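Please look over the sequence and the model shown here, and then follow the description from the overall fold down to single side chains.

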Amino acid sequence: ILGLSIFDILFSFILFLGTWITPEETGWLMAVGNTSSCTVQGFFHILGWVGEIGYQMALTLNILVLIVFEWNQEKFAKKVEKQLHI
């Protein structure tokens with residue numbers, strides 16, 4: 001849950017910045033950035049999005065094996081959890 005929360009905060013912050021760090025030349029509303037700031041925003045946008053999806057899939061897999069395959073949390077941690085964080 002902590003990893004999901006971190007990526008969610010990152011992604012939300014980048015969405016909050018919106019057009020502020022878009023290059024000024026684009027003419028977009030409140031655009032005051034440059035090409036570098038736009039590139040950084042794009043990188044963190046994708047990182048946050050992929051991180052959120054990854055952690056959602058990990059939580060879904062955790063629930064699946066706990067309920068359907070009747071694993072316990074220790075078995076999941078030993079066999080799967082470490083690989084999910086890599």
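**From the whole chain to single residues**

Of the 86 residues that make up the protein chain, 22% count as buried. The coordinates belong to a predicted model, and the values that follow are computed from it.

The protein chain contains three helices and zero strands, and when it is read along the sequence its elements follow the pattern α-α-α. Its radius of gyration is 18 Å, well over the 12 Å that the globule rule gives for 86 residues, and the protein chain is therefore more spread out than a compact globule. Taken along the principal axes, the box filled by the C-alpha atoms of the protein chain is roughly 55 × 20 × 15 Å.

The protein chain exposes about 6400 Å², of which carbon and sulfur atoms supply 71%. It carries 4 positive and 7 negative side chains, and the centres of these two sets lie 25 Å apart.

The aromatic side chains come next. A pair of aromatic rings is described by the distance of the centres and the angle of the planes. The structure holds four aromatic pairs. In the pair of Phe7 and Tyr55, the ring centres are 5.8 Å apart and the planes stand at 35°, which lies between the limits of 30 degrees for stacked and 60 for edge-to-face, so the pair is tilted.

The last stop is the loop between H1 and H2, where Thr22 is found. Is Thr22 buried or exposed? Its relative accessibility is 7%, and because buried means under 20%, Thr22 counts as buried. Leaving aside residues up to four places away in sequence, Thr22 touches Trp28, Ala31, Val32, Gly33, Asn34 and Gln41.

Notes
Residues numbered from 1 in each chain as written. Predicted model: local features only at pLDDT ≥ 70, side-chain atom pairs only at ≥ 80, totals over all residues. Heavy atoms only, no water. Helix = DSSP H or I, 4+ residues; strand = E, 2+ residues; numbered from the N terminus. Rg over C-alpha atoms; globule rule 2.2 N^0.38 Å. Buried < 20%, exposed > 50% of the residue type's maximum accessible area, 1.4 Å probe, protein only. Areas by Shrake-Rupley, 256 points an atom, 1.4 Å probe, with all protein chains shown as cover. Lys, Arg positive; Asp, Glu negative; His and termini not counted. Charge placed at Lys NZ, Arg CZ, Asp CG, Glu CD. Phe/Tyr/Trp six-rings, centres within 6.5 Å; stacked < 30°, edge-to-face > 60°. Contact = heavy atoms within 4.5 Å.
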